[in-house]
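These are my notebook entries on a structure I examined today. I recorded what I looked up, entry by entry.

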Amino acid sequence: QVQLVASGGGLVQPGGSLRLSCVASGFTFSRNTMMWYRQAPGKERELVASITNVGGTTNYVDSMKGRFTISRDNAKNTVYLQMNSLKPEDTAVYYCKVAIFSRQYWGQGTQVTVSS
């Protein structure tokens, strides 16, 4: 069965950094595009970034460009989200996601809190 296990969240000061990880299993990781989403209380879940399988092409929402970096290590079946220059408005639960054919699979989410 498909499993996505996210980790790396926590409390960080404004301007600080965090690195999120998502370990995948149950499918051929290297053949699939991986994605990060986030959801803050009272807000809709939004796409943060994605990375393709072939060529490792990355895409970012405009507000995250220059601060967030998505990457993957196919040997470890892991996708990462490096977050720098964090702001209080980045506070949210962060989820990793994969779409296999028409079905979507989600990780359990990891909490990121940016506060003084």
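Which residue takes a positive phi in the hairpin of strand 7 and strand 8? I found that Asn77 does, with phi near 50°, and that four residues lie between the two strands. I note that the model is a predicted one.

Entry on the strand pair. I looked up how strand 7 and strand 8 (residues 78-83) run, and they pair in the antiparallel sense over six bridges. For Phe68, I read Met83 as the bridge partner in strand 8. I then checked the two faces of strand 7 (residues 68-73). Phe68, Ile70 and Arg72 make up the covered face, whereas Thr69, Ser71 and Asp73 make up the uncovered one.

Entry on Ser21. I located Ser21 in strand 3, which spans residues 18-25. Its relative accessible area is 17%, so I list Ser21 as buried, the cut-off being under 20%. Leaving out residues up to four places away in sequence, I found that Ser21 touches Val5, Ala6, Ser7, Trp36, Thr78, Val79 and Tyr80.

Entry on the disulfide. I counted one disulfide. The bond joins Cys22 to Cys96, with an S to S distance of 2.0 Å. This pair links distant parts of the chain, as Cys22 sits in strand 3 and Cys96 in strand 9 (residues 92-100), 74 residues apart.

Note on methods. Residues are numbered from 1 along each chain as its sequence is written. This is a predicted model: local features need pLDDT of at least 70, side-chain atom pairs count only at pLDDT 80 or more; totals for chains, interfaces and linings use all residues. Side-chain values use heavy atoms; hydrogens and water are left out. Buried means under 20% relative accessible area, exposed over 50%, partly exposed in between (1.4 Å probe, protein chains only). Contact means heavy atoms within 4.5 Å. Two strands pair if DSSP finds at least two bridges between them. A disulfide is a pair of cysteine sulfur atoms within 2.5 Å.
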